[in-house]
Amino acid sequence: MSPTFAQLDAGGRLRHLLTLEGLPRGLLESLLERATALAARPGHGPARGEALEGSTLVNLFAEPSTRTRASFEVAAVRLGGDVLNFDNTLSSRVKGETLLDTVHTLLAMQADFFVIRDGEAGVHERVAREVDRQAAVVSAGEAHLSHPTQGLLDAMTIREQKGDFGQLTIAIVGDIARSRVARSAHQALRTLGAREIRIVAPRAMMPEAAEFAGARRLDSLDDGIAGADVVMMLRIQHERAGSAGPVDLADYHREFGLTAARLARAAPKAIVMHPGPMNRGVEIDSDVADGPQSVIRRQVANGVATRMAVLEHLAAARRARAG
Amino acid sequence: MSPTFAQLDAGGRLRHLLTLEGLPRGLLESLLERATALAARPGHGPARGEALEGSTLVNLFAEPSTRTRASFEVAAVRLGGDVLNFDNTLSSRVKGETLLDTVHTLLAMQADFFVIRDGEAGVHERVAREVDRQAAVVSAGEAHLSHPTQGLLDAMTIREQKGDFGQLTIAIVGDIARSRVARSAHQALRTLGAREIRIVAPRAMMPEAAEFAGARRLDSLDDGIAGADVVMMLRIQHERAGSAGPVDLADYHREFGLTAARLARAAPKAIVMHPGPMNRGVEIDSDVADGPQSVIRRQVANGVATRMAVLEHLAAARRARAG
Amino acid sequence: MSPTFAQLDAGGRLRHLLTLEGLPRGLLESLLERATALAARPGHGPARGEALEGSTLVNLFAEPSTRTRASFEVAAVRLGGDVLNFDNTLSSRVKGETLLDTVHTLLAMQADFFVIRDGEAGVHERVAREVDRQAAVVSAGEAHLSHPTQGLLDAMTIREQKGDFGQLTIAIVGDIARSRVARSAHQALRTLGAREIRIVAPRAMMPEAAEFAGARRLDSLDDGIAGADVVMMLRIQHERAGSAGPVDLADYHREFGLTAARLARAAPKAIVMHPGPMNRGVEIDSDVADGPQSVIRRQVANGVATRMAVLEHLAAARRARAG
């Protein structure tokens, strides 16, 4: 995000949510608390609300996604909103229309929320500047840079499962260099006061030195995981061509795959996380993914609650500014 | 379905609907009665209800479909439910996620109903076992094996048009070997006490001897149709490569196409059915499809009512089990 | 539309909306007035209503579209309707089903409104004849012939911005021969009494002499635009192969692109319109498209209001005929 763009309004509320970088700890904590209150409890139906009644949310996904798109759709519908889904690789892009023209078209139809996933850095901010007075933009993934609602749901899940961040050692493991999930998680966890954040990656997947300030860097999974309270595995995005060339998946599993044996090196009650979709047998073994320490499904449930909390906050902030 | 999987709960209600095989006659009759009550009457708006309010239904179709997917969507919306549509050849499957992981993702978002069409046998049961405590699975087509809501709507339409099954001779005509529609119809009609069920097919399309117990087998359309009260034509699925090689459509029409002349061999007020989509001029002529004996459009209307009845039943059964 | 097909019922209300040709001025004016009342005012949420509660609208688009499909979807949802979206290049068309069979399937599910875009002339009327007693058809674009809701929203925008049609000179500029937007605008504006309508096009894009009765023809943009109160630019549809061969876009821009310098030849407060999606730098420059005389975004907002007005009218007409 460029230094001149402010996500926060004069009252300290979010106008948009493009990145977790620079957001105050109190704001993150209040979002986490609200999401926790909204998170479904077993045996109860999902939380519902009215914060988006009369509002229209548009999903504009330039990259395919089941879980994130569905999660925003479910969150908006459960808050009473109308949802329009666009696969913007289709339709107008076929005709050569710019994304900004598509956005202005939807804005003229009085869309209130734009949920955008795009592989190009900066698109989200450009859209947010354009729609600023009338609508809010929520990033659902921006290049390798940012995936703020994923970072929030990860932080919420850690808080729910393990409590006080100040006591926790958290290992983020995998292709850190290309991971927007890792960046957003790091930003959230650092702000929330995690005791130790480790980024654990093969050297070819380690980010530049200027990034991930304050994190410990380890290029061995055995070392990286030792004594960790939280093990966040990242997805190997083998469908994207990397600068380092294609990944040999068997090699990767041998060096960086999370097996039950390796997980035993973590703290006794360590939790295992993964943003999904998983490559079973590559970055994580099935007995770990489905085992008692896994909170991977809980992350998905918390994802809906987190997105509801974010949408509620944005709606309330708009009302506050309007009146 | 494997012998160890039970669709029914201790109270004799459906937990899931994967097949009509083995369902008690009383259960089928109560579903047919409820569907008949829900079926739209000319001049009235469609029936609506509240059985799915606060519930989320997911359509997971691995094969293309207009009518079945739309029918479930309309049924769910008219009962107050929220609907998510997934074309699961896209998104996560692109990324290599397993269907079970997709299902668990949607389950974690508190989906209540999974409507699944898949060409692979056994997928539906595997999903049902996984989601059993939290959600219900309804098959919208499984390989060549089962299409239970189609079987129910066919039985409902026959009952509505012709009354007492014990008086009826019903001919099912076409590519029986590969037809899930034929199998589900046969299961329903046999349980409901149809006097005579005939399967009528060219030898290459006749199922194995162990299947379609109790049905008469005829390999001539003229013989198969003679005196029948109900003529159910099947679709020639020429887009699928058959074991017998491609079908010559002109040959097929000559031997097994339903023409007005041939229909005259059936009982005087025989009804003509087809599950759609039709290949006009192949398995059925347009003057028959659109003629006075055709109830093909009524089948579609009854399809919505049948799916509403099934969803209502599943929702009521869940509430009964919950407490 | 064939001479034997009547869009209007005995009470002078629309049964369907396939074309603006031949519609009475009073009817157009009442639709424009209602749309104006529904059009969103800055600072207010969008207008909502209940005219479509309990109704189902189906979007059947055989050509890709973001704005028109979304506009109808938003209009229907804001009137309380349920919406089904079909990309009918997929699903049943894969299986060879005819469009009429698809329509009858959806009709049997009690769809009330069919919104159809198709590149083939006559499809809309054929569907309207089939569904006439039970449902209404609204054209969302028919070949090069008709796009009636676009014509209405254009007329509404001109009326809103410039007032009395009898005082106005309106230039329609671009590939007139292939433009359904131009035809529907011409029909509306002529009926509404525009003082002067000009069609401005390179000779290769000029329609046959029998068309656009009463319009002045000019093959120079400088002449065509001189003194005009309204400049309606058309999209160059370079993705369609034209009879005149591919268009050289740089040539086109030189001869027929709307630049700020050229716009200065129009009347001092002339408004600039475009149906979207725009080819910036081809038929229109960005500084004009985004400049103070542009009402392009207002057209989009008015599009939703226009479609709401049309759907309300059709729903009321159905109720009136039903008794």
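A crossing of two helices is left-handed if the near helix is turned anticlockwise from the far one by less than a right angle, and right-handed if clockwise. The views below come from a predicted model, in which local features need pLDDT of at least 70, side-chain atom pairs count only at pLDDT 80 or more, and totals for chains, interfaces and linings use all residues. Residues are numbered from 1 along each chain as its sequence is written, while chains are lettered from A and ligands numbered from 1 in the order in which they are written.

**View 1. Helices α1 and α5 of chain C.** α1(C) covers residues 25–38 and α5(C) residues 148–162; helices (H or I, at least four residues) and strands (E, at least two) are DSSP runs, numbered from the N terminus. Their axes come within 10 Å and cross at roughly 70 degrees, where axes are lines fitted to C-alpha atoms, for helices over the stretch in contact, and angles run from 0 to 180 degrees between N-to-C directions. α1(C) and α5(C) are therefore roughly perpendicular (under 35 degrees is roughly parallel, over 145 roughly antiparallel, 65 to 115 roughly perpendicular and the rest oblique). The crossing of α1(C) past α5(C) is right-handed. From α1(C), Leu31(C), Leu32(C), Ala35(C) and Thr36(C) meet Leu152(C), Ala155(C), Met156(C), Arg159(C) and Glu160(C) of α5(C); residues are in contact if their C-beta atoms, placed from the backbone, lie within 7 Å. This contact of α1(C) with α5(C) comprises six nonpolar, one polar and two charged residues (Ala, Val, Leu, Ile, Met, Phe, Trp, Tyr, Cys and Pro count as nonpolar, Asp, Glu, Lys and Arg as charged, and the others, Gly among them, as polar).

**View 2. Helices α1 and α11 of chain C.** α11(C) spans residues 296–322 and packs with α1(C) at an angle of about 125 degrees, the axes being 8 Å apart. The two helices are therefore oblique to each other, and α1(C) passes α11(C) in a right-handed crossing. On the α1(C) side are Leu31(C), Arg34(C), Ala35(C) and Leu38(C). Their partners in α11(C) include Asn302(C), Ala305(C), Met308(C) and His313(C). Seven nonpolar, three polar and two charged residues make up the contact of α1(C) with α11(C).

**View 3. Helices α5 and α11 of chain B.** α5(B) (residues 148–162) and α11(B) (residues 296–322) have axes 8 Å apart and pack at about 120 degrees. α5(B) and α11(B) are therefore oblique, with a right-handed crossing. Thr149(B), Leu152(B), Leu153(B), Asp154(B), Met156(B) and Thr157(B) of α5(B) meet residues of α11(B), among them Arg298(B), Gln299(B), Arg307(B) and Val310(B). By class, the contact of α5(B) with α11(B) holds four nonpolar, six polar and three charged residues.

**View 4. The two domains of chain A.** Domain 1 (25–147 + 301–322) and domain 2 (151–295) divide chain A, with bounds from an automatic or database domain assignment. Their C-alpha centres lie 26 Å apart. In chain A, 17 residues of domain 1 are in contact with 18 residues of domain 2. On the domain 1 side of this contact, α1 (25–38), β4 (136–142) and α11 (296–322) of chain A each supply at least two residues. α1(A) gives the most, with six residues. That side of domain 1 of chain A has six nonpolar, eight polar and three charged residues.

Definitions and conventions: Two residues are in contact if their C-beta atoms, placed from the backbone, lie within 7 Å.
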